[in-house]
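Let's take a walk through this fold together, from its packing to its metal site. Have the viewer open and follow along.

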Amino acid sequence: MGTRIGLGYDIHRMVKGRVLCLGGVEIPHSAGLLGHSDGDALIHAVIDALLGAAGQGDIGRLFPDTDPRYRGIASAELLRGVMLRLRRKRLAVVHVDTVILAQSPRIAPHVEAMKDALCPILSIPRDSLGIKAKTNEGLGLLGRERAIACWAVALLRSRAAKKS
Ligand code: MG
């Protein structure tokens, strides 16, 4: 089976009165991301990249937002569940790269904390997780801080079955 690649994307609206969770980290800000779960668009994009590479559908199919079990759940827990599925299929994560599009707040000061949160779950070293942040140059709804969008690509490796 060799190597497999997956692409993920997510966007969540920014609303007042929500805690901003991104990359498994709570970031102090005046607004947070709306969602059935904690709204962590970065983890959701990573999950879809992993599921795409694994041929396992997408986050909406696995964790429907109509299911009360997932209301307010930390997205890191969803990611742990996806990693279990990958391990069952004998798939290991090789590398994940991401882009966060956020007009505000500044993401760069939180990148190391995001790596602290995500690398142990993904079982990859810090230099195998890319987290890059950009603003939208003030353009459109993203530029007016109405939402944060995230992209992720994931490379998986198939572990060959052990010979007995
Ligand atoms: Mg989402």
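Contact here means heavy atoms within 4.5 Å. This is a predicted model, in which local features need pLDDT of at least 70 and side-chain atom pairs count only at pLDDT 80 or more, while totals for chains, interfaces and linings use all residues. Residues are numbered from 1 along each chain as its sequence is written, and side-chain values use heavy atoms, leaving out hydrogens and water.

Start at isoleucine 100. Leaving aside residues up to four places away in sequence, isoleucine 100 touches Leu22, Leu42, Ile107, Met114, Ile131, Lys132, Ala133, Lys134, Ile148, Ala149 and Cys150. Along with Leu22, Leu50 and Leu122, Ile100 touches the most other members of the largest nonpolar core, which has 47 residues. Such a core is a set of buried Ala, Val, Leu, Ile, Met, Phe, Trp, Tyr and Cys residues joined through side-chain atoms within 4.5 Å; buried means under 20% relative accessible area (1.4 Å probe, protein chains only). The largest share of this core, eleven residues, comes from H1, where helices are DSSP runs of H or I with at least four residues, strands are E runs of at least two, and both are numbered from the N terminus.

Now turn to the metal. The magnesium ion is coordinated at 2.1 to 2.3 Å by Asp10 (OD), His12 (NE2) and His44 (ND1); donors are N, O and S atoms within 2.8 Å of the metal (3.2 Å for Na, K and Ca), and sites may look incomplete because water is not among the atoms. Histidine 12 lies in strand S1 (residues 3-16) and histidine 44 in helix H1 (residues 41-54), 32 residues apart, so the pair links distant parts of the chain. Both histidine 12 and histidine 44 are buried.

Note on methods
Buried means under 20% relative accessible area, exposed over 50%, partly exposed in between (1.4 Å probe, protein chains only).
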